[in-house]
Amino acid sequence: SVRFDGASATVVTATDTSLTVTSPAHAVGTVDVTVTTPGGTSSASGTVDDYRYYAIPTVTSLAPPYTALVGGTVVITGTNLIGASAVKFGANDATSYTVDSDTQITAVAPAGAPGLLDVTVTTPGGTSSTTGTGNDFSYWDVPAITSLSPSRGPIAGGQSVTITGSGFNAVSAVTFGGTSAAS
């Protein structure tokens, strides 16, 4: 028999020097694995027989939840992030990432196309879910101004100006020479 912390595993293949087994369910943590034959039971000392159970990671929020098409830095908040082996923005791998703690990863989003996608994290416990909104991520075009109408006005300001261009969804600021527009 093969046991993980006393729970029986299913033996798939066995030779004199190798076993392939299916691990039983267990709570998060490190457990000893033992093998029993007619000759006795293996020792459960040291770390060579340790097996670590991980919980499935979650992604609960992204800061910011968007970036320009060229990519950028994103802080991923969630749970069970230690041991991350992959961070994906949709189908694309993060350019790089650092696991800051069990609840935070700092990642660099790769370049992408405009639109909404899911961010996922993979650990030995599995891959985070794509349901919910905490993992929703967007790529945005950098705004571009193609014309102003009128393009001149009084020094006192107060004139209505129509700005034409692209990438104006979710505008957060408009400035004239570094001074915020009145409205």
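Predicted model: local features only at pLDDT ≥ 70, side-chain atom pairs only at ≥ 80, totals over all residues.
Local features rest on residues with pLDDT of at least 70 and side-chain atom pairs on pLDDT 80 or more, while totals for chains, interfaces and linings use all residues. Residues are numbered from 1 along each chain as its sequence is written, and side-chain values use heavy atoms, without hydrogens and water.

Buried here means under 20% relative accessible area, exposed over 50%, and partly exposed in between, with a 1.4 Å probe and protein chains only. V121 has contacts (heavy atoms within 4.5 Å) with residues including V59, I76, V87 and I105, leaving aside residues up to four places away in sequence.

Four aromatic pairs are found in the whole structure. Rings of Phe, Tyr and Trp (its six-membered ring) pair if their centres lie within 6.5 Å; planes under 30 degrees apart count as stacked, over 60 as edge-to-face and the rest as tilted. F4 and Y51 form an edge-to-face pair, 5.2 Å centre to centre with 85° between the planes. This pair links F4 in strand β1 (residues 2-4) with Y51 in strand β7 (residues 50-53), 47 residues apart. F4 is buried at 5% relative accessible area, whereas Y51 is partly exposed at 35%. F89 and F137 also pair edge-to-face, at 5.0 Å and 70°. F89 lies in strand β11 and F137 in strand β17, so their pair ties together parts 48 residues apart in sequence. Both F89 and F137 are buried.

The largest pocket contains about 490 Å³ of space. A pocket is an open set of points on a 1 Å grid over the protein atoms alone where a 1.4 Å probe fits, with protein on both sides within 12 Å along at least five of seven lines; lining residues have an atom within 4 Å of a point. Of its 19 lining residues, P143, G167, A170, V171 and S172 are the closest to the centre. Strand β9 gives the most to this lining, with three residues.

Methods
Helix = DSSP H or I, 4+ residues; strand = E, 2+ residues; numbered from the N terminus. Points joined across faces, edges and corners; volume = space filled by probe spheres on them.
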